[in-house]
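Me: Please take the model below and work through it by question and answer, giving the cut-offs as the terms come up.

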Amino acid sequence: MKVYLIKKLLLLIPLLIGVTSITFTLTKTLPGDPVYSMVGERAQPEVIEKIRKELGSDKNIIIQYLGYIKLLIKGEFGRSYYTNRKVIDDLLSKFPNTLKLALGAMIIAISFGLFLGFISAYKRGTFTDRIISSLSVTGLSIPVFLSGLLIMLFFSLKLKLLPPSGTGDLRFLILPSVTLSLPALATLARITRTTLIEVFDMPFVTTAKAKGIGELKINFVHVLKNALIPIVTVIGLDFGSYLNGAVLTETIFGWDGIGRFTMEGIIKRDYPVIMGCIIVGTTIFVIINLIIDILYHSLDPRVRLYGKNR
Amino acid sequence: MGKTGKISLYLLVFISLLSFSAPLISPYDPDKIDLDSIKNAPGLQHLFGTDNKGRDVFSRVLHGGRISIIVAVLATFLSMGIGLVIGLFSGYLGGKIDTAIMAIVDLILSFPALLLAIGVSVVLPPGIYTVMIAIAAVGWASFARLIRGYILIVKEAPFVEAAKALGCSQTRVLFIHLMPQCIPLVLVLMGLKLGGYILTEASLSFLGLGAQPPAATWGSMVSASRSYISSAPWMVLFPGFMIAITALCFNALGDSLRDRYGLKIKY
């Protein structure tokens, strides 16, 4: 377990090098002075001088890259071209909002996804199953921005139940969370269904039935426990879709999180903001993947042995 | 193929035919601004209504579809081509090369795809080629991973041994004997991925990183018209539904192909 964890942690290094090289190349390819593109035109001369020293613009490219990494570790992501605020401050203040949204969406996706998948598997081949299955394929095919706009149109503009946009308490959170949860919910329902059906057919389930164990206990203890592993993987892998979706959902609902911040950066070509968002976004994603990996380990002892071949 | 698969295939052919013959059949010039008929509701004169500049939404949807479908299809072929070659080599050669390639694949698969695509499209100037490259830069990895896994199994088959015994060269075994074995898998994967790529293309266009105005794709049409959602909902709904229907058909087609070939690919 320890060896595995260390290996995983070591894998983080090339990943982060990859991301930072992309953003570093970006600062180099942008027109004009790379220092200006990091701190913005309106930065104080001392700051520019300091960063120029750290970056070592006259030295070779590797030393420049190392200087860039040093700045990143210090949290110096540069300043926005437009607001002249430090990107890192904005990211930190917006992060809790994105986290709230992602957690809300995750709760909705997991509870409804598992529930629908379970029903669908349990009643496989019936009308209910077909309805749920087609709904989940549809859920996978509707782009988040469309479902968001439709939900907004119906629930806040037509029915006037909830506010259409803004950041605030639970009332503001419901619509964007539901929107963000839809693709993940659909994937989860599908995976739950296929995995459960596979497990239903396994010999140990027949054995359990033959032993006269009640249906409820077989379903919840024997089947669900064994089906949980692929499901947890999907929940983890899907975290990327929350990050992806957050960019679109937050923009549509005016939710003041990292996603909308990224979108605004893209529209205004505010490069320090875009780079900061990409670096922070991928780092969060990778850390979450790591946590899921650890969870995976504690769920299934088999993974500990064969983890390498996964 | 099941009934759903067939219906989806026919629908896809229909949508593609309509989009590709857009210059011939679209009733209006898609970019022609007509300030006398702004935000007209759908009717006989304008089938899908008009937008905030009086442009015919139906004509724009047809023209936009052409770009959306071409971009998604080419991006799929690009990812599949790269993934197929890398997967073949990785699975067949095995050993250290395989480990190294799979490490890179894992690396790419553990990125949030849209963020990475955003990164690519920021480095390159926005446009349809950028979208294709952005999709393929991320997309090849999952093709490579699945094809490699398949080759690992197939390469142990007796016919491979026979080919080797008959003195076939490594490249001949790889490309003449093993590659055709991947065709069903490749077809199924392409079907399953195309739906997703339609959505990625739409999302990137929605973010303004795709085709640049005045050219429109379905995604950029939804993006441009979202502030009119309550006053002229048809401006959003028609291009939006086209994205959803096309993606849905590709997903359903991929699913039924998968069932037909009895492949177990989980998504």
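Me: Is B:Val154 buried, partly exposed or exposed?
Reply: Burial is judged by counting other C-beta atoms, placed from the backbone, within 10 Å of a residue's own: 20 or more is buried, 12 or fewer exposed, and in between partly exposed. B:Val154 has 17 such atoms within 10 Å, so the class is partly exposed.

Me: In which helix does B:Val154 lie, and which residues does B:Val154 touch?
Reply: Helices are DSSP runs of H or I with at least four residues, strands are runs of E with at least two, and both are numbered from the N terminus. B:Val154 belongs to α6 (residues 128–154) of chain B. A contact requires C-beta atoms, placed from the backbone, within 7 Å. Not counting residues up to four places away in sequence, the residues touched by B:Val154 are B:Leu178 and B:Gln181.

Me: What kind of model is this, and how are its parts numbered?
Reply: Residues are numbered from 1 along each chain as its sequence is written, while chains are lettered from A and ligands numbered from 1 in the order in which they are written. Local features need pLDDT of at least 70 and side-chain atom pairs count only at pLDDT 80 or more, whereas totals for chains, interfaces and linings use all residues, as this is a predicted model.

Me: Where in chain A is confidence lowest?
Reply: pLDDT is the predictor's confidence in each residue, from 0 to 100. Chain A averages 78, with 85% of the residues at 70 or above. Helix α6 (residues 127–141) of chain A has the highest mean, 88, and the lowest, 56, belongs to helix α14 (residues 301–306) of chain A.

Me: How many helices and strands does chain A have?
Reply: Buried residues make up 38% of the 310 residues in chain A. Among its contacts between residues at least 6 apart in sequence, 69% join residues at least 24 apart. The count for chain A is 14 helices and 0 strands.

Me: At which residue does α7(A) bend?
Reply: Helix α7 (residues 144–158) of chain A has 15 residues and reaches 20 Å from its first C-alpha to its last, close to the 21 Å expected at 1.5 Å a residue. That expected span is 1.5 Å times one less than the number of residues. A bend is the angle between axes fitted to the seven residues ending at a residue and the seven starting there. In α7(A) the angle is about 25°, at A:Met152.

Me: Is A:Leu146 buried or exposed, and which residues of chain B does A:Leu146 touch?
Reply: A:Leu146 lies in helix α7 of chain A. With 27 other C-beta atoms within 10 Å, A:Leu146 is buried. Leaving out residues up to four places away in sequence, A:Leu146 touches B:Val222, B:Gly240, B:Ile243 and B:Ala244.

Me: Which helix gives the most to the side of chain B that touches chain A?
Reply: The contact takes 35 residues from chain B and 38 residues from chain A. On the chain B side, α5 (113–123), α9 (183–206) and α11 (234–261) each supply at least two residues. The helix that gives the most, with 9 residues, is α11(B).

Note on methods:
Two residues are in contact if their C-beta atoms, placed from the backbone, lie within 7 Å.
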